[in-house]
Amino acid sequence: MIDGALLLDKPVGLSSNAALQKAKRLFSAAKAGHAGTLDPLASGLLLVLFGEATKFAGPLLDADKEYIASLSLGARTTTGDVEGEVLERKPLNVTEDSLLPVLERFRGEIEQVPPMHSALKHKGTPLYRLARRGQEVARAARRVRISGLERVSFDGPSLVLRVVCSKGTYIRVLAEDIGQALGCGAHLSGLRRTASGRFRLEDAVALEALERMPVDERMQRLLSLPALLEGLPRAELGAAEEARLRQGQALKISGLHPGLCAVVRPDGAVIGLGSADAGGLRPLRLTQTAEKHLKSAPLTKRDQTRD
């Protein structure tokens, strides 16, 4: 069974699920998932998870994302991107001096209304299905964080931005809102994800390249479970502590960094993810890969003395 992660450069025109299924077949994986959907019109970094790594999708989804977003100024569309029909065109009177103050307004925490063309559900029905029927329903605004918003290039109707944002941010909505603030309207003409948390696009591999690789070389592209959780605070447990944690018990361990942490065995094998606070360590998501060591591992002095 394969347990690990793949940094995949998803091409334009392919859904995240279709890219996932192709990768799953290439690795003959029994179980697969991904951390963060990309629309078919978007390209870039897709973190594909295999086996036990799928248990860590939630925390990985919480990480900030980075995008290169291309905006077309002067026109609004029905979908907020190039797939929709043009609703309105306006003269373009945007200068560098008028652009920069507007971008400043969108940095930090902002409110966004989710688009109708999204997978959010209303009474069990995805909004995009309602939109295709010509229906529109009220959507509550959401608070998101834009921690980075920089102009990459600006040439007439074409504006390219680097965006660093929290999970749940709709870049299409951001493009439309920036266009409205500029007074000319805008829609998203291209989107490429360049980072997800600490993972970068330059370390990813394209599907076509993956298909051409020999099996051994392809397997070398996988990140192991320890590599996937690298950078998180660590809690190292002996066999007795691990057994108690797997039974759902909280462990009273002092000195841990508060918040999410990687829980590992002394040999580095990943037990899972835990949540640490002043009271100790609680289990969140645990793997099965390290369980086989429990019966044969002797108790250490630390196991016998730590509470």
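**Briefing: salt bridges, surface charge and cysteines**

At 49% relative accessibility, Glu 104 counts as partly exposed. Its salt-bridge partner is Arg 107, with the closest N and O atoms 2.4 Å apart; Arg 107 is likewise partly exposed, at a relative accessible area of 32%. The model is predicted. The chain contains ten helices and 18 strands, and its C-alpha atoms fill a box of roughly 75 × 45 × 40 Å along the principal axes. Of the 307 residues, 46% are buried.

**Salt bridges**
- The count of salt bridges comes to 17.
- Glu 96 pairs with Arg 151, the closest N and O atoms being 2.6 Å apart. This pair links distant parts of the chain, helix α3 (residues 96–105) and strand β10 (residues 142–155), 55 residues apart.
- Glu 96 is partly exposed at 29%, and Arg 151 is partly exposed at 36% relative accessibility.
- Arg 143 and Glu 109 meet in a salt bridge of 2.9 Å, N to O. Arg 143 lies in strand β10 and Glu 109 in strand β7 (residues 108–112), 34 residues apart.
- Arg 143 is exposed at 51% relative accessibility, as is Glu 109 at 53%.
- Shared partners join Glu 66, Glu 150, Arg 162, Arg 200 and Glu 202 into one salt-bridge network.

**Surface charge**
- Lys 121, Arg 129, Arg 132 and Arg 133 form a surface patch of positive charge.

**Cysteines**
- The structure holds zero disulfides.
- Cys 165 is buried at 1% relative accessibility, and Cys 261 is buried at 2%.

Terms used. Residues numbered from 1 in each chain as written. Predicted model: local features only at pLDDT ≥ 70, side-chain atom pairs only at ≥ 80, totals over all residues. Heavy atoms only, no water. Patch = residues over 30% accessible without salt bridge, like charges linked within 9 Å, V, L, I, M, F, W, Y side chains within 5 Å. Areas by Shrake-Rupley, 256 points an atom, 1.4 Å probe, with all protein chains shown as cover. Salt bridge = Lys/Arg side-chain N within 4 Å of Asp/Glu carboxyl O. Lys, Arg positive; Asp, Glu negative; His and termini not counted. Charge placed at Lys NZ, Arg CZ, Asp CG, Glu CD. Disulfide = S-S within 2.5 Å. Buried < 20%, exposed > 50% of the residue type's maximum accessible area, 1.4 Å probe, protein only. Helix = DSSP H or I, 4+ residues; strand = E, 2+ residues; numbered from the N terminus.
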